[in-house]
Amino acid sequence: MAGTPLTELDRPLGQDRPVRHGKPWTRLLSLALSGAVGCTALAVIAILLFRRDPDGGEPMATAAIEIRQPSREIAAAPAVEPNVRDPRSPSTARQLETESGVTVVRPGADVPGAIVITIPDSGEVKLAPAPDNRLVERSRFGLLPKVGPDGTTPMQVYARPSGPAPETKPAGRIALLVGGLGISQNGTADAITQLPGAVSLAFAPYGVELERVVQRARGDGHEVFLQVPMEPFDYPDNDPGPHTLLAGPKAAENLDRLHWVLGRFTGYVGIVNFLGGRLTADENALSPVLREIAGRGLMVIDDGSSSRSQLANAAARAQIPALKVDRVIDTVTRADEIDQQLQRLEALAREQGVAIGAASALPVSIERIARWAKSLEAKGLVIVPVSAARGLRNPSTTGSLK
């Protein structure tokens, strides 16, 4: 009927549905989020359009161009006629090469059909990479050194090259071996970075990441040695550490212990005793150890800590390249005492031609050696690697083992 409200059943589908009103704060939140997203998008577009990315696109560089006036000397110089040589210039290309230190081999000379240009050495000394696959063998303890198929030895390959010869003959040469590295991170880093590259470094076999640290030292120009723990007189009260080489009945186990030590890292020139007063005084116990060292092409250094040591002499009899340290400079760990010992090492170098010193990687030792090394050029003295000292040693002096 007209004017009668329609019931739910009579109302047309989809019409006059009741409107549901949501909560007002929900609508406001949605609008706010939409606005924020829109603003962000606009900001990004604006940055891309109006701001130049310094790190994007083509590389840019700004260079200052300065126009310099000719110097008075050049401006005043008379003009040189064609085909007339200026007397102030080199007469020939060869003279120019000689004066600059460049060597040129032209076609028809020693290298027919080619030009070979040799640039003077910059003076930077690079050590051979380690490990050299010719000079290692695999074992259950890691890579052990060995003599190569052609007779090449680790001592020869891993030693620091001598580098350019000094312009004048030195008044004396000093070889320094700083030991105890690899245990203290800070002490090891200080020794590597603060000491001159010609100073040789000896690493104990007990540090962490030894291979990485040793290669860092070699990358900075330091040749390295391996410290082998040996039995002192007061062992075990004074214990050098695990895998110590022993005298007496337990000496039969020494080769196994030695292999463990030798496998700790690669790239070392030779071995140096760590303590070892008792073992180094016992030549019978030393003999099998030295035979093993000889077969592996390594050098032997006696650190000079024991007056009764037979290590260097026994190594010489075993035909092993060896040296004995002349002076330990930090037996007393005071700056003034270390300075005195370094002065005595200087005097010994002048007297003998070459002197060998040893020190531990203590902060005071590193600091005094680094300071002292800067004074040597004015004194006519030079630092040489320990491996080079043997060839410079006078046969009549202490520790000469030719």
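**Close-up views of a predicted model**

View 1. His-259 itself is placed in helix 7, which covers residues 254–262. Leaving aside residues up to four places away in sequence, His-259 touches Phe-141, Leu-144 and Arg-296 as well as Glu-292.

**View 2. The largest pocket and its lining.** The largest pocket has a volume of about 720 Å³, and of the 25 residues that line the pocket, Ser-162, Pro-164, Pro-166, Val-382 and Ile-383 are the closest to its centre. Helix 13 (376–379), strand 13 (381–384) and helix 14 (386–392) each supply at least two residues of this lining, with strand 13 giving the most, namely 4 residues. By class, the lining of the largest pocket divides into 17 nonpolar, 5 polar and 3 charged residues.

**View 3. The second largest pocket and its lining.** For the second largest pocket the volume is about 420 Å³, and 23 residues line this pocket, with Gly-179, Gln-227, Asp-303, Ala-359 and Ser-360 lying nearest its centre. Strand 5 (172–181), strand 8 (268–275) and strand 12 (354–360) each contribute at least two residues to the lining, which has 12 nonpolar, 9 polar and 2 charged residues.

**View 4. The whole protein, as a setting for the close-ups.** The secondary structure comes to 14 helices and 13 strands, and 38% of the 402 residues count as buried. Among contacts between residues at least 6 apart in sequence, 66% join residues at least 24 apart.

Key:
Residues are numbered from 1 along each chain as its sequence is written. This is a predicted model: local features need pLDDT of at least 70, side-chain atom pairs count only at pLDDT 80 or more; totals for chains, interfaces and linings use all residues. Side-chain values use heavy atoms; hydrogens and water are left out. Buried means under 20% relative accessible area, exposed over 50%, partly exposed in between (1.4 Å probe, protein chains only). Contact means heavy atoms within 4.5 Å. On a 1 Å grid over the protein atoms alone, a cavity is a set of points where a 1.4 Å probe fits but cannot get out, and a pocket is an open set with protein on both sides within 12 Å along at least five of seven lines; lining residues have an atom within 4 Å of a point. Grid points are joined across faces, edges and corners, and a volume is the space filled by probe spheres set on the points. Ala, Val, Leu, Ile, Met, Phe, Trp, Tyr, Cys and Pro count as nonpolar, Asp, Glu, Lys and Arg as charged, and the others, Gly among them, as polar.
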